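User: I am new to this structure and would like to learn how to read some of its features. Could you take me through them one at a time?

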Amino acid sequence: MFGAPFYVSRNNEKLKIVVTGAHPDDPETGCGGLIAKMTNEGHEVTIGYLTKGEAGIYGVSHEDAARIRTIEAKKACEILKAKYFFLGQIDGSTVVNEEAYLQMSEFLKAEKPDLLFTHWPIDAHRDHRICSILTYDAWLGMENRPNFYYYEVLTGEQTQTFNPTDFVDITSVIDIKHKACFVHSSQNIKQYYPGDHGKMEEFRGMQGGYEHAEAFVAHTKNNSRF
């Protein structure tokens with residue numbers, strides 16, 4: 001819909017991409033299709049998980065939930081051919097403070113991404129908002145800022161007032177994305193996926209002119225080198 005895909009470099013060099021997400025399964029559901037397309041094309045993707053999803057399994061201790069969800073995240077990254085990094089905050093108790101700002105800043109400066117993706121900041125889930133704020137602040141402090149995009153998660157229920165600037169056709173990698181999402185079995189994701197994430201993929205596809213698509217909002221300060 002917007003000409004050449006925004007994630008393809010003009011001179012075909014390999015790109016470094018970082019996606020940050022609050023919990024295991026957020027990057028996968030929000031932009032797993034994009035991640036799969038980029039790694040299939042030879043680009044390098046690192047997923048930075050703010051937490052290990054400690055509070056994400058009802059009736060299970062934080063320690064056991066973290067162990068289970070870490071295994072799921074690693075399996076998802078293996079399917080997507082992405083690297084992973086855990087930033088060490090606690091699900092449901094994430095914070096914005098000097099230590100958290102510094103940690104995210106150091107992570108992104110070490111990764112040196114060409115493209116950066118994170119949660120849309122207007123979101124009903126506090127952890128999503130905090131992940132977005134920390135990522136944005138770190139981006140502001142980078143000497144060579146990468147192009148910066150926001151992705152959506154459960155629009156309407158969680159992500160709100162999200163008006164995309166870019167659509168990416170994920171039809172060719174939809175099965176890979178779903179496989180990566182469905183390894184998060186502790187979240188019963190396979191059961192509810194068709195009624196929420198699946199509908200989003202179809203709706204964004206209709207908007208972008210594809211069978212299935214993911215949608216993004218580009219930061220207005222992005223450069224034009226890609």
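Analyst: A salt bridge joins the side chains of K83 and E44, with 2.8 Å from N to O. K83 is in strand β3 (residues 83-89) and E44 in strand β2, so this is a link between distant parts of the chain, 39 residues apart. Keep in mind that the model is a predicted one.

User: What is the general idea behind such a pair?

Analyst: Side chains that carry opposite charge can pair when their charged atoms come close. In this structure there are seven salt bridges. E44 takes part in another of them, with K16, where the closest N and O atoms are 3.6 Å apart. E44 belongs to strand β2 (residues 44-51) and K16 to strand β1 (residues 16-21), so this pair ties together parts that are 28 residues apart in sequence.

User: Are E44, K16 and K83 buried, exposed or partly exposed?

Analyst: The relative accessible area decides, and buried means under 20%. K16 has 14% relative accessibility and therefore counts as buried. E44 has a relative accessible area of 31%, so E44 is partly exposed. K83 is partly exposed as well, with a relative accessible area of 48%.

User: How is the packing of two helices described?

Analyst: Two numbers are used: the angle between the helix axes and the distance between those axes. Take helix α2 (residues 62-80) and helix α5 (residues 174-182), whose axes come within 8 Å and cross at roughly 165°. An angle over 145 degrees counts as roughly antiparallel. α2 and α5 are therefore roughly antiparallel to each other. The crossing in which α2 passes α5 is right-handed.

User: Which residues of α2 and α5 meet?

Analyst: From α2 come A76, I79 and L80, and from α5 come I176, K179 and A180. Sorted by kind, the residues of this contact are five nonpolar, no polar and one charged.

User: I would also like to read the backbone. What is the phi value of D25, and where does D25 lie?

Analyst: Phi of D25 is near 100°, which is a positive value in a residue other than glycine. D25 is placed in the loop between β1 and α1 (26-40). With 9% relative accessibility, D25 counts as buried. K81 is another case, with a positive phi of about 60° although K81 is not a glycine. The loop between α2 and β3 holds K81.

User: Which residues does L134 touch?

Analyst: L134 sits in helix α4 (residues 126-140) and counts as buried at 1% relative accessibility. Without residues up to four places away in sequence, L134 touches L50, Q89, V95, V96, A100, Y101 and M104. A distance can be read here too: the C-alpha atoms of L134 and T20 are separated by 9.7 Å, and these residues are 114 residues apart along the chain.

User: Is N163 buried or exposed?

Analyst: N163 counts as exposed, at 61% relative accessibility. The place of N163 is the loop between β5 (147-151) and β6 (166-169). Between the C-alpha atoms of N163 and K221 there are 17 Å, and the two residues are 58 residues apart along the chain.

Notes
Residues are numbered from 1 along each chain as its sequence is written. This is a predicted model: local features need pLDDT of at least 70, side-chain atom pairs count only at pLDDT 80 or more; totals for chains, interfaces and linings use all residues. Side-chain values use heavy atoms; hydrogens and water are left out. Axes are lines fitted to C-alpha atoms, for helices over the stretch in contact, and angles run from 0 to 180 degrees between N-to-C directions. Helices (H or I, at least four residues) and strands (E, at least two) are DSSP runs, numbered from the N terminus. Angles under 35 degrees count as roughly parallel, over 145 as roughly antiparallel, 65 to 115 as roughly perpendicular and the rest as oblique. A crossing is left-handed if the near helix is turned anticlockwise from the far one by less than a right angle, and right-handed if clockwise. Contact means heavy atoms within 4.5 Å. Ala, Val, Leu, Ile, Met, Phe, Trp, Tyr, Cys and Pro count as nonpolar, Asp, Glu, Lys and Arg as charged, and the others, Gly among them, as polar. A salt bridge is a side-chain nitrogen of Lys or Arg within 4 Å of a carboxyl oxygen of Asp or Glu. Buried means under 20% relative accessible area, exposed over 50%, partly exposed in between (1.4 Å probe, protein chains only).
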